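Try each task yourself before you read the solution.

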Amino acid sequence: MNGIHKSHDGGPAAFMFVKSQVIKFEKFLIERMHEPCKPMPSSTRKTTAAALLSTNGFNVQPANGRRRHVSASKVWANGTSNRHTCTLGDLINDINNDTVINFLQDNPSLLDQYIQNYVSEETVESWLVNKRKSRNNRIRNGDIIYNREGSPHRPVIEYSKAKDKRIHIQKLLKNVHEKTNQVKLLEELASSVSTATAADGYNLYLVTEDSRIINFVSSSAKEHSVTTCSQPVGPGHTLSAYAAWCRKCIRIQNAASLADRKHPLGIDHMNGQIHSVLAQPILDSDDRVTGVVELYRREGRAPFTEMDEQVVAAFNGWALVLFRSIQLQSDVARQRKLNEFLLAVTKNIFQDIVSMDTVIMKIMDFAKRLVKADRASLFLLDTVTKELYARIFDTGSSAHESNPCAKEIRFPMDVGVAGFVATTGETLNITDAYQDERFNRDVDLKTGYKTKSLLCMPIRIRGSIFGVVQMVNKLQGTFTKTDEESFETFAVYCGLALHHAKLYDKIRKSEQKYKVALEVLSYHNQCSEEEYIKLKSLPMPCGRQVEDIPKFTFSPWSIEEEQKSLHVVYMFKDLFGLEKFDLSRLYRFTLTVKKNYRKVPYHNWDHAFSVAHAMYCILKTQEHSFTQLESLALFVACLCHDLDHRGKTNAFMVKSASPLAAIYTTSVMEHHHFNQTVSILQQDNHNILKEFTSEEYKTVLRYIKDCILATDLALFFGNKAKLKEWQDSKEFNWKSIEHRHTLQAVMMTGADLCASTKPWHYQRETVQVIFEEFYSQGDEERDQGITPIAMMDRTKADQLPESQVGFIVGICLPCYELLAQIIPASKPMVDGALSNLSKWQELADANKKIKEKATMESNKNNRKVDKNGNLKL
Ligand SMILES: Nc1nc2c(ncn2[C@@H]2O[C@@H]3COP(=O)(O)O[C@H]3[C@H]2O)c(=O)[nH]1
């Protein structure tokens, strides 16, 4: 049939004939291509027939009387008369598979037109799917299957199959987002690009972080034996190594060009069957080549075109966006994971610090897990001997956890990788230890363990190198940049934990020292057995001896020194009885309290005794106003309220930065007095509260604390104001705990200042010792360059009576007057204070007169001298 021309005279008959043939042709296509579309409308058929004829050189005249001419003089077949194998005439005459195939092969534009106008997109896509399926499933040469069976994701194929593309893309993205495994994504990309370019298969390679090595990762070929696993990036090796090096897409058009000198190793053992290759480097967001996708077509296939190259480049562009997003995502995930890990480390290390060794073991264990190392070691720096040492050395067995190496490993601080890191402060990531000249093989020789990769980092405390932590042998591959970064953060925590552990060790040691000091102290501060036996042997005061004790006017100075302790026991017994108290404990407690008062002029045992006595007097008048625990607390508190007083005020303790002021921020000395009270109660055979229930014990201690703190004169004014308000408004209620406790606080002040209520000669004597203490503090302040207040300035001793007037009027009388309103039996204290006030007033007035006289005298003398000091004549 070659070269046959068909001539038509044209006319309606010819047109009708062609139209009928078009219907046949259409039917043919429907049958062959399983096209589920509707048959053509007749108008379309007409147009198609006309188009068919005209496209192929026939002149078709319209049927409406005007001449429709179908000219057969045109030879059709892509403009060349000698290449066509089948004409429309042939087709029309003898329509069968072969003729149509031949016809369509020679006239692709006709099928193109038909598909574009009459076939739906879905149908075209399903044709494509079917076509690829059949191609991929075809086994060529009987040995290599080019379709990766079981491949989990074939996005392009899935995409082409999907009815709703939008939903499919969402699914695909979700899928992608869930994948943080870059290799899997690259495989997917390679698979997609392979499908898109109709490649017969692909190989995927990844470049190491240092951009030096390219490693084979996977292939679409099921049984792919690779001979070029790992290659240096650069020319002279494989095609992928070369593509990674020159960072350009390389297209090989024929097998012969594969073994170029730039890439003599080609792509691998399949070279012989490969005809065309397209190697595309994959760049990441930092423009670094992360891998290479190598697409290939086998013999018999058309080589890759520039169009394929563009498709691959487009895929690579999208991959870049995708990887950037994945990179960010995985960075965030990694950071979160690291944060969680570090939080766990911190909790674990800080929650349960027992010793430095425990911390070290924990650190090593965490570090190993962090970078997936086989072993870990921590060498501490001995700055004295300039050595690195490890008491706990990771031998790989878990035995070291419970039984650290008895023998310490020690070596000079500049030996080996650890030494290099310790001296330079640099981090080292060594992929092959035996290739590194800094590596010290001795330890391997001793242990028989083979070191391969090493990650070694300095541990710093406050900027100075404290030690070196070493991770040995990454479980898979070598330590990465990410390992280094994570490990660097970890090293900071490590430093903190070790610093903490070091401090903890120090604290533990000083705690032990403190315990020893306490033992020594309590031995010396406790009453001796002799003192106890002696006191016990003394007869308890009785008869006339005790008549005056409950009187407010009773003077503590009127009894012998050694009788005071006995009187304390007497008063205690008198107030509370001995049913609940052990007498021997009471003796010991009293004697030890006495011993713990310093020999300062005023705040000494005498003062403690007189305050306890004043409270005894008040309590004797109020036997049922307070609970037994309250009364007990008031009396004991008075006895202990100035324990270990150093003769200095709170203000002085703060100003002189005393360690006590560092412990307590307010009522410095009062807190210390209470603390001393508890210490004495805790000593052997001293706990006078032993018979109380633990609840009662806690309550008494709480009351004692409140009472002792109330002796801080700074708190008196608030307490007095509250109590006065209740009293003035007749609201004071004995049943109210708050009212009672405020009253107790004011009672403590009243007892503390009781010297101001005593007969004049006792008051004068006491004030003398009070001021002796004040002046001694003033002297010390002056030595420290501080000007003391007038009351503490011995050069202003003449102001004392005036100062006493102010003290009694401003503090003592308001206190006693208020107390007397609530506890009328305490009225003698008011009287005593008033009496002393008048004495001090007299002295102050006399002083004033003397001063006035002196001033007058001096003025008189001044008048007798001229301005130059010379006597006027
Ligand atoms: N000026 C003056 N101060 C006193 C007198 N009696 C006690 N004090 C002060 O009042 C304080 C009460 O609390 P402290 O016992 O700690 O210390 C006491 C002394 O500093 C006194 O008679 N005159």
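**Exercise 1: The ligand's surroundings**

Task: find which residues are closest to the ligand.

Solution. Step one: 14 residues surround the ligand, and the closest are His603, Asp752, Ile770, Gln804 and Phe807. A residue counts as near if one of its heavy atoms lies within 4 Å of the molecule. Before going on, note that this is a predicted model, where local features need pLDDT of at least 70 and side-chain atom pairs count only at pLDDT 80 or more, while totals for chains, interfaces and linings use all residues. Residues are numbered from 1 along each chain as its sequence is written, and side-chain values use heavy atoms, leaving out hydrogens and water.

Step two: look at the polar atoms. The side chain of histidine 603 has an N or O atom 2.9 Å from an oxygen atom of the ligand. For aspartate 752, a side-chain N or O atom is 3.3 Å from a ligand oxygen. A nitrogen atom of the ligand lies 2.6 Å from a polar side-chain atom of glutamine 804.

Step three: of the 470 Å² of accessible area that the ligand has on its own, the protein covers 89% (Shrake-Rupley method with a 1.4 Å probe; for residues, only the protein chains shown count as cover).

**Exercise 2: Aspartate 752**

Task: decide whether aspartate 752 is buried or exposed, and list what it touches.

Solution. Step one: aspartate 752 is found in helix α27, residues 737-752 (helices are DSSP runs of H or I with at least four residues, numbered from the N terminus).

Step two: aspartate 752 is buried, because its relative accessible area is 12% (buried means under 20%, exposed over 50%, partly exposed in between, with a 1.4 Å probe and protein chains only).

Step three: leaving aside neighbours within four places in sequence, aspartate 752 is in contact with Tyr602, His607, Val611, His641, Asp642 and Thr711 (contact means heavy atoms within 4.5 Å). With histidine 641, the side chain of aspartate 752 makes a polar contact of 3.0 Å (a pair of N or O atoms within 3.5 Å; within protein, one must be able to donate a hydrogen and the other to accept it, and residues adjacent in sequence count only if both atoms are side-chain atoms).

**Exercise 3: Aspartate 642**

Task: locate aspartate 642 and say where it lies.

Solution. Step one: aspartate 642 sits in the loop between α21 (628-640) and α22 (650-655). Step two: its relative accessible area is 5%, so aspartate 642 is buried.

Terms used:
Helix = DSSP H or I, 4+ residues; strand = E, 2+ residues; numbered from the N terminus.
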